[in-house]
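Trainee: I'd like to learn how to read a two-chain model. Could you walk me through it?

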Amino acid sequence: MNALWPALRAALIAAGLAFPVVALRTDLNMDNQLVLEPRWSWMLAAMALAFFGKLALGALPARKPKAAPAQTAEPPARTKWIARAGLALIALWPFLALFFAGPSGALKWIDNYGVQILIYVMLAWGLNIVVGLAGLLDLGYVAFYAVGAYAYALLSTQYGVSFWICLPLAGILAAFWGVLLGFPVLRLRGDYLAIVTLAFGEIIRIVLTNFSSLTNGDAGIASIPRATFFGLPFTAGPNGFAAFFGLKFSPIHRIVFLYYLILALALLTNFVTLRLRRLPIGRAWEALREDEIACRALGLDTTKVKLTAFALGAMFGGFAGAFFAVRQGFVSPSSFNFMESATILAIVVLGGRGSQIGVALAAVAIIGGSEILREFDFLKTIFGPDFDPTQYRMLLVGLAMVAMMNWRPRGLVETRAPTVSFGQARQIGADMVKEGHG
Amino acid sequence: MTALLRVEHLTMRFGGLTAVNDVSFEARRGEITALIGPNGAGKTTVFNCITGFYKPTAGRIAMAPQGALDTAAIDALTRSGARGRNGLFLLERMPDHEIARKAHVARTFQNIRLFSGMTALENLVVAQHEPLMSASGFSLLGLAGAPRYRRAERAALDKARAWLERIQLIDRADDPAGALPYGDQRRLEIARAMCADPALLCLDEPAAGLNPRESADLTALLRAIRDEHDASLLLIEHDMSVVMDVSDHVVVLDYGRKIADGAPAAVRADPAVIAAYLGVPDDEVAAIEQEIGA
């Protein structure tokens, strides 16, 4: 009986929520009039779901609040082997896809599941420097992605500069904009910092939309030169990549090349971040996250510390942007809206701020997860031909966020690894590590 | 003993409230100077002015980390408008991090401010940011793993190890600072400040919350810092046994004004201090109560 009341209450709440959204559906009839089409069965289904769901939750044994250990031992060798196996899988992914799906089917698996996920892994690793290490909440990270993309798009279409020169330039330009954003927000903390970075992201997008003479506005910049294999274009002609290596021409060559390019860029981001963490600059970022005032009392110029974090995070965003432009061959402001910033931040938060492996796993889960919804076409046989699983993408991401914040509020990987140790390094528990002031 | 810090006519106002009113004193090299006074006397405000966390409303704070304070040189520096030169600094003109880095004034906080999610060892390494940063050559040499950076890092770790041994925390070097007991955190914060190579170490209530045994350990540590590490100390303290035991020179503040300045024994006998801080004799309290009609 005790379990029934909460279940009934849940059902009532579900009824309240479902009544306006689910039960009342408006439609147009033949005379173009708005008619109300009630769907009581749907509402009852939602109520039943809430009722029995709550009942089932109540039947579960109560969760014991477990005391979080301040430290846990270094991951055992087994975890390292899993990480190595994962890296091997990533390195061989295009060939596995080719082997199992054939040349025509592999395109989707390499492009949508490989390149797409790796772009977000790289972006999230870049943002992880700012949010995870330095503890500065940046809601406008996509601005640097846009700067990188437009840098390559404009330099290549206007001046014919090659991708390999544009790539570092895009990173430098984005870093420059990162510093430019850094200056006004140096004094801001917390919510204020978040709002100003959010505004910065929007400013960049709106400037790209309205500065038509340079950026061609909403129409975007098309026919951006494709990437070449160090000068060899991926074309069918006699000067192409396939002809040079004596291969039969296939569009998959370019995709596989792009896959390894973004993999290399992402691994570079990871390598640099991991190395910087063990250098004074990285320790200063983490110290800034832990206590800014103590940093200043120890002679750390927090202005410089913040600016380097912004600049480095922005630089990797710029690299990813240049890659995005060369992969798509087309950029427009609509690719750089707030949803992108929110997605990247969600990946960082879900993965565990400051953790490289956790962030990579979260990118696979969120981006790969929403891509894999496309594969669920068989659900149409159950829910009817109008059912489109991809429409439920944000709903599922939201549910995942709510579930994570309940069960693992600090993300997939909660612990922090010390950057230096005298003996056996042990992971530091999440309850000790601060989240930064922004 | 020559002075290394000279505070002159320091005044700090917050709106209508004058927290520090025309306070002047000196801290001498190789000495432990104590700043005492009742709650709200302005001690921490003086600290915050010296360490640059507040910009004083008026007054001059001169600091000579290595050399001697020379009045003519201070006046010349004041007129020049510069922040510091030739090893002489005017702290009221400098931002907080420069005071720590250039004028070599380090501090601890009343409410401990350790990097709680970093290990004890990491805390001490962060404090050595400046030498490590210059050895890492804008992080590029460090990224490349240059021998110069590795040498600097080894030296920093050696220094951290020496301090951890000194404060008996070497066994907990790899534990997060936030997981240490309170007394250990206090000692670790002092060690962290010492890793920044200060000429003047400012301690804000280092004995607060310590038991008598820990207080005795702390007193020994402060003496060792003074005698072995060529650092002078300026401390705010409420624990009179610690103050009288360890300090060479005591400055007493009350309501933002300096009311006494001298050797511990002289200050303890000063009637103004007894009245303001150490406690007014009971018969005087009765007299005052009668006066105000309580």
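**Chains and their contact**

Mentor: Let's start with the layout: the C-alpha centres of domain 1 of chain A and domain 2 of chain A lie 39 Å apart. This is a predicted model, where local features need pLDDT of at least 70 and side-chain atom pairs count only at pLDDT 80 or more, while totals for chains, interfaces and linings use all residues. As for bookkeeping, residues are numbered from 1 along each chain as its sequence is written, chains are lettered from A and ligands numbered from 1 in the order in which they are written, and side-chain values use heavy atoms, with hydrogens and water left out.

Trainee: Which residues belong to domain 1 and domain 2 of chain A?

Mentor: Domain bounds come from an automatic or database domain assignment. Here that gives 1-58 for domain 1 of chain A and 93-429 for domain 2.

Trainee: What is the secondary structure of chain A, and how compact is the chain?

Mentor: Helices (H or I, at least four residues) and strands (E, at least two) are DSSP runs, numbered from the N terminus. Chain A has 16 helices and six strands. Its radius of gyration is 25 Å, close to the 22 Å that the globule rule gives for 438 residues, so chain A is as compact as a globular protein of that length. That radius is taken over C-alpha atoms, and the globule rule is 2.2 Å times the number of residues to the power 0.38.

Trainee: And how many helices and strands does chain B have?

Mentor: Chain B has 13 helices and eleven strands. Its radius of gyration is 21 Å, close to the 19 Å from the globule rule for 294 residues, so chain B is as compact as a globular protein of that length.

Trainee: How do I read the interface?

Mentor: The size of an interface is often given as the accessible area lost when the parts come together. Buried area is that loss (1.4 Å probe), summed over both parts. Chain B and chain A bury about 3,400 Å² between them, 66% of it on carbon and sulfur atoms. In contact terms (heavy atoms within 4.5 Å), 45 residues come from chain B and 37 residues from chain A.

Trainee: How many salt bridges are there between chain B and chain A?

Mentor: A salt bridge puts a side-chain nitrogen of Lys or Arg within 4 Å of a carboxyl oxygen of Asp or Glu. The count between chain B and chain A is five. One of them pairs Glu122(B) with Arg416(A), the closest N and O atoms being 2.8 Å apart.

Note on methods: Buried area = accessible area lost by both parts, 1.4 Å probe.
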